[in-house]
Amino acid sequence: MTDRSMPLTKHLQELRARLIFVFIAFFVSFIIGMLVAKPLILFLQTDEMPVTITMNVFKVTDAFSIYMQFAFVIALVLIAPFALYQLWAFVKPGLYRNEQQATLRYIPIICVLFLIGVAFSYFVVFPFVLTFMLQFGEQLGVQNTIGLTTYFQFMLQTILPFGALFQMPLLVAFLTRLGLINPDIMRRFRKYAYFILLVIAGLITPPELLSHLLVTLPLILLYEFSIIISSLTYRKLNAKIS
């Protein structure tokens, strides 16, 4: 642990400087996002699912709106590792050396888990959910006329939450390190956790059994994997104490 007695004004000055760095980096990332957004939107429209859909715009600003939303999301994804590093660098003086190394390793893991969650949702969950919605409309005898903004907003709202949900193992490891949970607690409350995961899956997916199971089973596997992570973390902590 280093420099615990740094004055509050110094901390505030450092925080201000790091926030400025993050803001500048976000501005650069947003410019990159604006360059990437158009080819990315065009590429996503060539996928199997949207090829069968005629994209429409119902407002003059629809196309520009979705373009800016994609640029913003791309910028957030690009800036995330840098922002997390700045956060780590700010709290680093208050950590022991081993804690500094352990928390720094969280940053690439967070990014990888987020990308895995997004990829799983885009390639597995989103096609099932969209197909169900389109088929349900056909069963009601209505023609599916989908707007460009509606389609891509629905896509983002479906895939981005999975990036957050896939942080579960890392969050469990962190809470175990803090002593707030342990593997025994997680096993004891397993049935309640399963129920919560069922509810979360129900909120994400349409009321259709296959889609619901398609989301629930990976979340349950994530929970079980999180128990393993908690056990390993708990064992390491006990080994250091003894």
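Q: Leaving aside neighbours within four places in sequence, which residues is Arg177 in contact with?
A: Here, contact means heavy atoms within 4.5 Å. Once neighbours within four places in sequence are left aside, the partners of Arg177 are Ala102, Tyr106, Thr233 and Leu237.

Q: What pLDDT do local features need in this predicted model?
A: Residues are numbered from 1 along each chain as its sequence is written, and side-chain values use heavy atoms, with hydrogens and water left out. This is a predicted model in which totals for chains, interfaces and linings use all residues, side-chain atom pairs count only at pLDDT 80 or more, and local features need a pLDDT of at least 70.

Q: Is Arg177 buried, partly exposed or exposed?
A: Arg177 belongs to helix H6, residues 168–178. Buried means under 20% relative accessible area and exposed over 50%, with partly exposed in between (1.4 Å probe, protein chains only). The relative accessibility of Arg177 is 34%, so this residue counts as partly exposed.

Q: How many Å separate the C-alpha atoms of Arg177 and Ser230?
A: Along the chain, Arg177 and Ser230 are 53 residues apart.

Q: Which pattern does the protein chain follow along the sequence?
A: Helices (H or I, at least four residues) and strands (E, at least two) are DSSP runs, numbered from the N terminus. The protein chain has nine helices and two strands. Read along the sequence, they give α-α-β-α-α-β-α-α-α-α-α.

Q: What percentage of the contacts with a separation of 6 or more is between residues 24 or more positions apart?
A: For the setting, the C-alpha atoms fill a box of roughly 70 × 45 × 25 Å along the principal axes, and 35% of the 242 residues count as buried. Of the contacts with a separation of 6 or more, the share from residues 24 or more positions apart is 84%.

Q: Are H3 and H5 roughly parallel or roughly antiparallel?
A: Axes are lines fitted to C-alpha atoms, for helices over the stretch in contact, and angles run from 0 to 180 degrees between N-to-C directions. H3 (residues 62–91) and H5 (residues 148–165) pack at about 20 degrees, with their axes 9 Å apart. Angles under 35 degrees count as roughly parallel, over 145 as roughly antiparallel, 65 to 115 as roughly perpendicular and the rest as oblique. H3 and H5 are therefore roughly parallel.

Q: How many residues in the contact of H3 with H5 are nonpolar, polar and charged?
A: H3 brings Asp62, Ala63, Ile66, Gln69, Phe70 and Val73, while H5 brings Leu148, Thr149, Phe152, Gln153, Leu156 and Leu160. Ala, Val, Leu, Ile, Met, Phe, Trp, Tyr, Cys and Pro count as nonpolar, Asp, Glu, Lys and Arg as charged, and the others, Gly among them, as polar. The residues of this contact divide into eight nonpolar, three polar and one charged.

Q: What is the relative accessibility of Tyr151?
A: Tyr151 has its place in helix H5. Its C-alpha atom and that of Phe126 are separated by 11 Å. Tyr151 counts as buried because its relative accessibility is 2%.

Q: Which residues does Tyr85 touch, not counting those up to four places away in sequence?
A: Tyr85 is found in helix H3 and is partly exposed at 38% relative accessible area. Its C-alpha atom and that of Leu104 are separated by 7.5 Å. Not counting residues up to four places away in sequence, Tyr85 touches Leu104 and Ile107.
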